Amino acid sequence: MCGIFGCVLRNEMAGPIIRSALERLEYRGYDSIGQATLSSGKIFVKKDKGKISEVQKTLNFDEMLGKLGLGHTRWATHGMPSKENAHPHLDCDGNIAVVHNGIIENFMELRKNLEPKHKFRSRTDSEVISHLIEDYMEEGENLEEATRLTAKRIKGSFAVAAISNQEHDKLVCIKKESPLIVGVGEEGVYCSSDMSALLPLTKNALIMEDGELGVLKIDEIKFIKIKNGESVKKEITKIEWTLSDAMKGGYPHFTIKEINEQPTSIRNTLRISPIYHELIASKLCDSERIFLIACGTSYHACIAGSYLFSKISKIDSRPVIASEFKDQYSEILNSKTAIIALSQSGETADTIEALKTVREKKASILSITNVMGSSITRFSDIYIGQNSGPEIGVAATKSFTSQLAILTKLALTMATKRNSMDEENRREIDRGLKTLPSYIEKVIERVDDKVKSIAKKYVDSESFSFLGRGINSATALEGRLKLLELTYTPSLAYPAGEVKHGFIATVESNRPAIFIAPRDDNHNKIINNIMELKSRGAKIISLIEKDDKKIIEMSDDYIEMPQMHALLTPLTYIVPLQLFAYYMAVEKDLDPDKPRHLAKSVTVE
Ligand code: M6R
């Protein structure tokens, strides 16, 4: 998730206007920043790695004059944070400047075709856009048509703004699956990734839809369909939001926004080129021993991941809490060991410390993180970016499902290499993964109100227990962690089979049990566990597959989920648990975005 902004102004103030707009978009990405303006027929670019406030000190964007300009605040996906990879990207001769938010899935193939003729300066997927526009303009197309034809060539998601020194009065923008809004003000027209950047400039917005192209001139705005150039009419929408509303996309908190973003973040995660999965999968298949290490939510993804590795790839792996790793395993590491480190922030001290030991022992370090250029990516031999976009709420939500989606993909890639799963089953999981974003969309839509009412009903409960079997014992742990963090409610999480070995002694009616109980191979056993608790007076809240009459009868409250492959259930069943923790926090009047005593990134051991 990056932020883009563009403007066509009556005055020459493009530099400071873009810089202050990018400050408001910085929550969308903050590893690099850049601006381009058109002045005296030339395009000027300033860009660098770092936060806006740091880069502004050395580059002073406010000095950039011009009536036309673009800006970008980056959250790296392809290519580490660096000056070269920062946007805007230019064509070979610096006549065209482009900013992009999204992922170009076919960039490798496009780049291969463009490379013999074009000078590439970055490792990003985005740079192909400026060179494609360049080609079309060289063939005689104007900026509008060159951008439209480019949009038809690129696959994936994009919000792009482009300017050219050949057409000094306009900015062209295109949109597919990444947000883009046009603002119409007295002093200028603008395009922006979201309303937050527009707020001080105008309250009049034109919302772009997927597959549209906009041509912005100071006194004329037009929209056409990318597909066929057909004209599109739009009505002005009045922006009623405050700045903080706008940053949260209209949601009251970042946490709920991020829960709702999961369909998009998983879509972006699944867009990562399969080459990265191939590289990691090969390394894992060649290793004698595999550990998955992480802390907190990322550790829960490791637990689910190790189930996926054994069930799909038939390969043994061990999930380990990073702070325990060195103590227990340092003596058995060697060059035939592979470590997968999971970390949203890429900066968790316990995970980094564990990796230091791993490095000393010459084991391979493979990582999955959301922050490219973070310490953990720098430590790693190979890494995959989660592509979840910045996660601002302290509680990890969308990063958990992205990590798990990557681990599922890895397990499937290994299964192909090892021929470890029958093709039909493998394909079913693969198809399930692809439809996951739309499933999660439906889940959120259908269960949101129900979860809210359950949270209201149980808000005064003394504690909760989260119980699941198999891969969903990881879901139970993660559901418990969300509730702990957001509401400070003492809670337990157990593999459900373990309850009779001690836990059952704690059962009371004011301590509801939440069962994660899809209709999988463990279904009958979990029904027995539900009965064990119910007969001792526990209130039962169950997460079940639709129409599971047996469990419905035993439950005080239940949430029905769509049917899906058993191994994909943690990816969806976690969503009502995230919502439950969130609505409990709201009911208790707590700030879900900033739970007490917690930091988003734990950089001390
Ligand atoms: O950035 P990381 O994934 O390495 O962070 C690990 C934990 O600190 C983190 O998951 C923490 O438990 C979250 N607040 C959970 O919501």
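## The ligand site

In this predicted model, 15 residues surround the ligand, each with a heavy atom within 4 Å of it. The closest are S298, S343, S345, T348 and E485.

An oxygen atom of the ligand lies 2.5 Å from an N or O atom in the side chain of T348. For the side chain of S298, the distance from a ligand oxygen to an N or O atom is 2.6 Å. T297 takes part through its backbone: a polar backbone atom is 3.0 Å from an oxygen atom of the ligand. On its own, the ligand has 410 Å² of accessible area, and the protein covers 91% of that. Accessible areas come from the Shrake-Rupley method with a 1.4 Å probe; for residues, only the protein chains shown count as cover.

## Two domains

The chain is assigned domain 1 (3-246) and domain 2 (262-587). These bounds come from an automatic or database domain assignment. The domain centres, taken over C-alpha atoms, are 37 Å apart.

## Where the domains meet

How many residues of each domain are in contact? 16 residues of domain 1 touch 16 residues of domain 2, where contact means heavy atoms within 4.5 Å. Together the domains bury about 1400 Å², 64% of it on carbon and sulfur atoms. Buried area is the accessible area (1.4 Å probe) that two parts lose on being put together, summed over both. W75, M80 and I103 supply 39% of the area that domain 1 buries against domain 2, more than any other three residues.

The count of salt bridges between the domains is 2. A salt bridge is a side-chain nitrogen of Lys or Arg within 4 Å of a carboxyl oxygen of Asp or Glu. The side chains of R271 and E105 form a salt bridge, at 2.4 Å from N to O. On the side of domain 1 that touches domain 2, 8 residues are nonpolar, 5 polar and 3 charged. Here Ala, Val, Leu, Ile, Met, Phe, Trp, Tyr, Cys and Pro count as nonpolar, Asp, Glu, Lys and Arg as charged, and the others, Gly among them, as polar.

## Reading the model

Residues are numbered from 1 along each chain as its sequence is written, and side-chain values use heavy atoms, with hydrogens and water left out. Local features need pLDDT of at least 70 and side-chain atom pairs count only at pLDDT 80 or more, while totals for chains, interfaces and linings use all residues.

Methods. Polar contact = N/O pair within 3.5 Å; in protein donor to acceptor, adjacent residues only side chain to side chain.
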